[in-house]
Amino acid sequence: MTVFISIVIPTFNRLPILTKCLDALEAQRWQGRYEVVVVDDGSTDGTIAFLQSQPERFAHLRLVCQDHRGPAAARNLGITSARGDTIIFIDSDLVVTPVFLASHAAILEAHPGEAVFTYGRVVNTCNFDHPESEPYKITDFSAAYFATGNVAIARRWLEAAGPFDETFSLYGWEDLELGVRLKKLGLRLIKCPEAVGYHWHPPFSLKQIPALIQKEYERGRMGVVFYRKHPSWDVRMMIQMTPLHQVLWGLLSLGGLLNEKTMAPLLQFLIDRGRPQLALEVARIFLNWYNVQGVYAAYREVNP
């Protein structure tokens with residue numbers, strides 16, 4: 001069996017790193033058939049015009065556009081627009097290695113017709129010029145069953161499970177919720193660590209904190225949407241809606257005393273010494289506390 005791969009990439013105002021993402025996909029050593037389906041989600045940074053002006057540079061590109069409706073809707077449009085029998089989901093800020101497609105394809109082609117999908121390795125980096133120079137770190141480990149940062153799956157299984165749920169209107173959980181439905185179909189995850197993608201994000205700075213807090217609140221609220229669809233203990237653990245998480249993050253943040261204001265001097269100290277990634281990991285002490293608060297606030301709204 002030789003797969004025909006459609007790489008589905010939703011994007012919104014990410015042109016500089018999206019360009020690196022697409023260049024890496026054009027540099028693949030795999031000789032099989034593939035296309036790159038970029039779904040522009042209403043970008044205002046010139047993404048559409050630039051991509052349309054580069055047909056020779058991005059020979060595998062197919063551009064699809066929609067109004068700004070979020071990543072779930074963008075991925076659904078990408079699936080329906082794709083021509084391949086196999087879908088790979090990545091984000092537009094992921095830069096992959098030259099053996100990325102070959103690594104995913106080798107495993108899928110070794111299991112023809114089986115209920116499996118592959119999950120590649122994601123390495124977080126803030127090195128824009130050379131993202132591939134970042135080593136794999138313990139903080140890059142993910143126990144997720146299905147996440148759209150780097151996953152390959154036969155199209156028929158997506159059609160059997162149904163589309164991404166577009167009611168996840170804020171940040172988070174739409175891919176893991178689809179994963180619950182795929183697991184119910186009996187799909188087996190096969191890790192594919194050779195399919196490496198370098199997930200770029202800007203170096204952490206204190207000015208990012210308000211947006212990161214907002215994202216944690218949104219993730220908490222969408223976690224309750226996830227739980228209402230799948231009211232299980234596994235989902236409660238994933239969204240951190242347990243007494244254990246309340247106690248854990250309450251203790252770690254000293255009941256909220258360790259917050260964005262009180263920890264700012266330490267975070268700036270780490271940033272000034274070239275350790276922005278470590279500063280971000282330290283900031284997760286209070287960011288996760290905001291997430292847990294968001295979960296319970298949303299849960300009380302629907303269960304007064």
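Tutor: S81 belongs to helix α3, which covers residues 71-81. Helices (H or I, at least four residues) and strands (E, at least two) are DSSP runs, numbered from the N terminus. The model is predicted, so local features need pLDDT of at least 70 and side-chain atom pairs count only at pLDDT 80 or more, while totals for chains, interfaces and linings use all residues. Residues are numbered from 1 along each chain as its sequence is written, and side-chain values use heavy atoms, with hydrogens and water left out.

S81 has a relative accessible area of 17%, so it counts as buried. Here buried means under 20% relative accessible area, exposed over 50%, and partly exposed in between, with a 1.4 Å probe and protein chains only. Apart from neighbours within four places in sequence, S81 is in contact with R62 and V64; contact means heavy atoms within 4.5 Å. V39 is 42 residues from S81 along the chain, and the C-alpha atoms of the two are separated by 9.3 Å.

Next come the nonpolar cores. A nonpolar core is a set of buried Ala, Val, Leu, Ile, Met, Phe, Trp, Tyr and Cys residues joined through side-chain atoms within 4.5 Å. The largest one has 34 residues, and those touching the most other members are I5, I7, I9, L22, L25 and I90. Two or more residues each are given to this core by several elements, including β1 (4-11), β2 (33-41), β4 (86-90) and β8 (188-200). Helix α1 supplies the largest share, 6 residues. A second, separate core holds 26 residues, among them A74, F117, A147 and A161.

G32 has 22% relative accessibility, so it counts as partly exposed.

Two other loops hold residues with a positive phi. Q240 is in the loop between α8 (233-239) and α9 (243-252). Its phi is positive, about 65°, although Q240 is not a glycine. Q240 is buried because its relative accessible area is 10%. Not counting residues up to four places away in sequence, Q240 touches R219, H245, W249, N288, N291, V292 and Y296. L254 is in the loop between α9 and α10 (264-272), and it has a positive phi of about 55° without being a glycine. In helix α10 itself lies P265, which is exposed because its relative accessible area is 57%. P265 and P131 are 134 residues apart in sequence and 28 Å apart in space, C-alpha to C-alpha.

Finally, the chain as a whole. Its secondary structure comes to 11 helices and 8 strands. Its C-alpha atoms fill a box of roughly 55 × 45 × 35 Å along the principal axes. For 304 residues, a compact globule would have a radius of gyration near 19 Å, and the 20 Å of this chain agrees with that. The radius is taken over C-alpha atoms, and the globule rule is 2.2 Å times the number of residues to the power 0.38. Of the 304 residues, 53% count as buried. Among contacts with a separation of 6 or more, 80% join residues 24 or more positions apart.
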